[in-house]
Amino acid sequence: MLVITGTLEACQEKVKQLEQRPTKAQSDLDISFIIYNELADSAQANSNLRKHLLGNEYDVAVMYCHHGFSPSDVLALSGTLRYGGCLILCCPNFDTWHLAPPAQKVSFGFECTVSHGISRWINYINHSKDISLWGPNKTYLAPIKQQCGGNNSKMSDVPHSAFFKVMTPSQHTAYGAWSQNTENKAVITAPRGRGKSALMGIICADTLKRGQTVFVTSTVHQNVANLFKHCKAANSHLEQTEKHTFVDKQTGGVLKWMATDNPKLINHHCDLLVVDEAASLPIPILTKCVAAQENWLLGTTLHGYEGSGRGFVLRLLPKLQQREVPVYHLNEPLRWVPDDSLETITNTLCLFDSGNSHAQSLHTHNTSAMVNAIQVIEKPLHTLSEPALQQVMQLLSLAHYQTTPDDQMRLLDSHESRCFLAFAEKVIVGVAVIHIEGGECLAPLAVDIANGLRRPQGHLSAQKLATITGLAHVATHLYWRINRIAVHPDFQNKGLGSHMVSALSQAANAHHVDCLTSSYGQSTRLNKFWKANGFTCVEKGDKVNKASGERSALIIKPVSKSFEKLADLLACIFQQENYVPPTSLDELPTSLKALYTKRLNGFTRGIKSLEQSAYALACLHNTLEFQHLENSLNRFVPYSAEGTPQALPLSLQLAFHLHPLDKPSLRNIFGCTNNKALVQTLREYTKHLLFEATFANG
């Protein structure tokens with residue numbers, strides 16, 4: 001690993017010098033470079049570019065850190081390097097780099113003038129003997145270790161007859177078990193560089209030699225470049241017949257890559273479905289694919305930068321193991337040597353769980369008796385030692401499917417976050433992260449927030465509750481949102497989670513917080529946990545989370561007396577909209593009637609969404625007699641497709657009240673071809689209904 005420091009222009013010049021090859025022998029070398037995040041506007045596209053890195057290999061990866069810094073990007077690039085490759089980080093000078101943290105991560109009203117996360121990286125780089133440094137004031141060349149290993153050959157260059165000689169022991173084990181398995185369903189997991197794609201390519205080649213059809217899918221086609229390369233090396237009879245499609249000329253076997261949204265993955269039969277980097281796909285898509293095909297092979301890196309990798313580990317993998325689906329793990333490095341220094345460096349800097357989780361059993365077996373005696377202490381993360389910081393991140397990774405290496409940077413730098421730790425036997429057994437939201441900093445924007453006109457950075461709960469109630473002052477209450485809560489495996493189901501929530505409530509009261517909030521993916525177990533700890537659900541999400549397949553819930557627990565009336569109002573709104581059929585606006589409590597009238601007016605002006613206004617619109621229908629509805633119906637609804645006009649009010653009421661909203665029925669009723677046209681038509685329709693209601697009331 002090489003770190004170059006200086007201005008952007010100085011770093012670019014040094015990279016150009018490295019690209020030049022002074023000797024003929026060096027110029028004949030086929031060295032592949034990838035340049036990452038060099039331009040100021042490239043940071044926005046990095047999440048998409050990261051997907052394209054999966055499954056690719058390079059000799060040199062260069063990452064510029066002048067326009068933003070992401071540990072996940074570092075981990076992504078390091079995972080693409082071949083044996084003997086080099087990762088180059090180009091950074092601002094170390095005396096200034098930590099003074100310019102990325103502004104987009106800071107919530108409105110807070111400032112971040114110093115990055116503790118970047119300071120940690122600088123300190124590690126300065127003290128590491130394995131990282132070369134090239135800066136204006138210091139140049140250091142790390143000693144080159146004489147490392148050798150028998151597993152570093154390029155498998156794609158090896159004849160098929162010799163594949164088994166260069167396979168690692170874990171590859172041999174997985175290949176043998178797959179070959180003998182009568183029901184071909186399996187999962188292959190591995191850290192990067194362990195030959196997962198090579199093994200899957202060999203399995204595909206064997207399947208094609210039997211004249212069978214293999215469908216391969218991944219986030220993007222580039223992800224399977226290595227898999228296809230190894231498959232073609234293991235089967236010399238493959239010939240490309242069309243884009244992303246190869247045919248075995250001797251047996252007629254077909255190898256075809258398809259995008260994850262291709263309906264053929266579900267509607268067409270194949271002899272083997274292969275999903276590469278499965279953890280990068282949303283769980284609902286994976287579930288549909290494996291349910292549709294009889295034989296399938298999922299290969300993935302469980303940790304790292306895929307984002308939903310923890311969702312795969314925590315939600316899908318246990319279900320597959322319950323069905324006795326075999327899971328093969330590849331341990332030995334193939335692309336580089338064991339104990340590779342770059343892998344050690346990136347795992348350490350990214351607080352990345354390399355597999356040796358700290359969550360080992362504690363010395364005591366009576367953990368239940370210890371719970372009530374455990375102290376929960378607020379600790380700024382940047383004051384923790386490296387081992388303690390590692391424990392925190394590993395616990396968060398065990399508990400939450402979207403924990404990424406970037407989270408450690410946010411937690412170390414965030415002034416709006418607080419961290420509470422529970423210790424037992426000097427081991428961190430519980431972690432809770434809260435975000436401070438609302439307060440006087442939102443006062444200048446409160447009216448616009450409540451009306452849906454402004455959405456400042458952060459303050460998710462404060463903004464959502466103000467939008468639900470339509471009351472500006474709701475945004476200015478002080479909230480603690482429980483962002484993450486994680487418990488050591490030895491203390492799960494022993495009451496430690498509830499003990500920590502109780503401690504958070506006491507701390508919130510001491511800090512004059514008005515309300516605790518949280519949001520989570522709904523499940524029977526979590527619903528029961530939060531309800532038992534005094535939280536009330538005030539909103540359920542209409543949309544399914546793409547990564548987890550779950551619907552979200554927003555929950556609250558009042559802390560101050562002044563917030564209790566607001567909590568009652570929020571509970572009343574939730575109960576009304578989720579469990580009570582729409583009624584006339586005139587029959588609602590005064591507070592709800594005022595709220596729904598405000599929502600309807602906001603919808604006509606384009607500042608409230610259709611989903612936010614649907615229940616109020618159903619109530620407005622019930623407020624008007626048919627003769628007052630008729631003018632609006634005649635103007636906006638083509639009766640020819642719907643039969644009698646008298647049937648329309650009930651049809652509309654049902655369509656508006658369904659969760660999620662029945663947009664197909666509404667499009668059919670109003671004769672709209674798409675959702676955008678539907679929303680525009682309904683805005684005009686609602687405006688007409690409100691006029692009719694005013695006229696009807698005299």
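Strands β16 (residues 417-424) and β17 (residues 427-438) run side by side in the antiparallel sense, joined over eight bridges. Helices (H or I, at least four residues) and strands (E, at least two) are DSSP runs here, numbered from the N terminus, and two strands count as paired if DSSP finds at least two bridges between them. One facing couple in this pairing is phenylalanine 423 and isoleucine 428, the latter in β17. The two strands make up a hairpin with two residues between them, and glutamate 425 in the turn has a positive phi of about 55 degrees. β16 also has a partner in strand β15 (residues 376-378), again in the antiparallel sense, this time over three bridges. There, valine 376 sits opposite alanine 422 of β16.

This is a predicted model, in which local features need pLDDT of at least 70 and side-chain atom pairs count only at pLDDT 80 or more, while totals for chains, interfaces and linings use all residues. Residues are numbered from 1 along each chain as its sequence is written, and side-chain values use heavy atoms, with hydrogens and water left out.

β16 is mostly covered, with six of its eight residues buried. Buried means under 20% relative accessible area, exposed means over 50%, and partly exposed is in between (1.4 Å probe, protein chains only). Helix α17 (residues 405-413) is mostly covered too, with eight of its nine residues buried. Those buried residues are Pro405, Asp406, Asp407, Gln408, Met409, Leu411, Leu412 and Asp413. Across the protein chain, buried residues make up 52% of the 698 residues. The chain has 28 helices and 21 strands.

Another pair of elements to look at is helix α23 (residues 590-604) and helix α24 (residues 610-623), which pack at an angle of about 120 degrees with their axes 9 Å apart. That makes α23 oblique to α24. Axes are lines fitted to C-alpha atoms, for helices over the stretch in contact, and angles run from 0 to 180 degrees between N-to-C directions. Angles under 35 degrees count as roughly parallel, over 145 as roughly antiparallel, 65 to 115 as roughly perpendicular and the rest as oblique. On the α23 side, Tyr596, Arg599, Leu600 and Phe603 meet a set of α24 residues, among them Leu610, Tyr615 and Leu620. Contact here means heavy atoms within 4.5 Å. By class, the contact of α23 with α24 has eight nonpolar, two polar and one charged residues. Ala, Val, Leu, Ile, Met, Phe, Trp, Tyr, Cys and Pro count as nonpolar, Asp, Glu, Lys and Arg as charged, and the others, Gly among them, as polar.

Back to backbone angles: most residues other than glycine have a negative phi. Histidine 244, though not a glycine, has a positive phi of about 65 degrees, and its place is in the loop between β9 (238-242) and β10 (245-248). Asparagine 493 likewise has a positive phi, near 65 degrees, and is found in the loop between β18 (478-487) and α20 (496-510). Asparagine 493 is exposed, with a relative accessible area of 80%.

Finally, alanine 292 lies in helix α12 (residues 283-292) and is partly exposed, at 30% relative accessible area. Leaving aside neighbours within four places in sequence, alanine 292 touches Leu265 and Ile266.
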